[in-house]
Amino acid sequence: MFRNLALALLTAALAVGCGGNDTARTHPETAYLGGYHPQAQNQRANFDNVSYWDGDSVSGAPSIKINLGEQRAYFYKGGELVGISVVSTGREGFGTTSGNFHIIQKDKDHVSSRFGDYLNADGSILKKEIDRDKDPMPKGARYDGAKMPYFMRIVGGTGMHEGFLPGYPASHGCIRMPGFMAQKFFENVSVGTPVQVIN
């Protein structure tokens, strides 16, 4: 009888533990490991079991720490950790600058002025993933900048924003995040919020 009671209590504890914490950490909108977005209702997705947000009911001054080695961003309110996000920072040759910064611009619908595609007059892609500093625009083409939703600029052309997360540093220097985390960070920072980037 004691054994059955212990087994029942353990099962209940596991059920409660799994149901509460994992929901926030397996958000359906997370784009991770190949940029997967859920398709069909019964299809199992690659999921991000790191990112979570628990800061809506916490007050205090916001601050962010980005760890390049871990590929993680940590969000604090009043010194209390309230969120962690996986990130993809600058790849080789485009490394993300380390140091102490502040949010200097917020732009929910930001578009890159340097990286994107060249399009034909009909809107079809003429040349993909171009760098305007290196790739001259063909005659008759037009530039279509890469979308960077929830952009939070910290220095020069570098900022945090929603973007593709392959699981390793792959950006041109920016700090890419899952969409739902970029939105939460964006909603909870203001111009002047401190951002520390460490190796």
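The model is predicted, so local features need pLDDT of at least 70 and side-chain atom pairs pLDDT 80 or more, while totals for chains, interfaces and linings use all residues. Residues are numbered from 1 along each chain as its sequence is written, and side-chain values use heavy atoms, leaving out hydrogens and water.

**The sheet**

- An open sheet of 5 strands runs in the order β7-β6-β8-β9-β10, with mixed pairing.
- Strands are DSSP runs (E, at least two residues), numbered from the N terminus; two of them pair if DSSP finds at least two bridges between them.
- β7 and β10 stand at the edges with a single partner strand each, so one side of each has no neighbour in the sheet.
- β6 and β8 pair in the antiparallel sense over 10 bridges.
- Tyrosine 118 has tyrosine 143, in β8, as its bridge partner.

**The largest pocket**

- The largest pocket has a volume of about 950 Å³.
- A pocket is an open set of points on a 1 Å grid over the protein atoms alone, where a 1.4 Å probe fits, with protein on both sides within 12 Å along at least five of seven lines; lining residues have an atom within 4 Å of a point.
- The volume is the space filled by probe spheres set on the points, which are joined across faces, edges and corners.
- Of its 38 lining residues, Phe115, Ala146, Met148, His172 and Arg176 are the closest to the centre.
- β6 gives the most to the lining, with 7 residues.

Conventions: Helix = DSSP H or I, 4+ residues; strand = E, 2+ residues; numbered from the N terminus.
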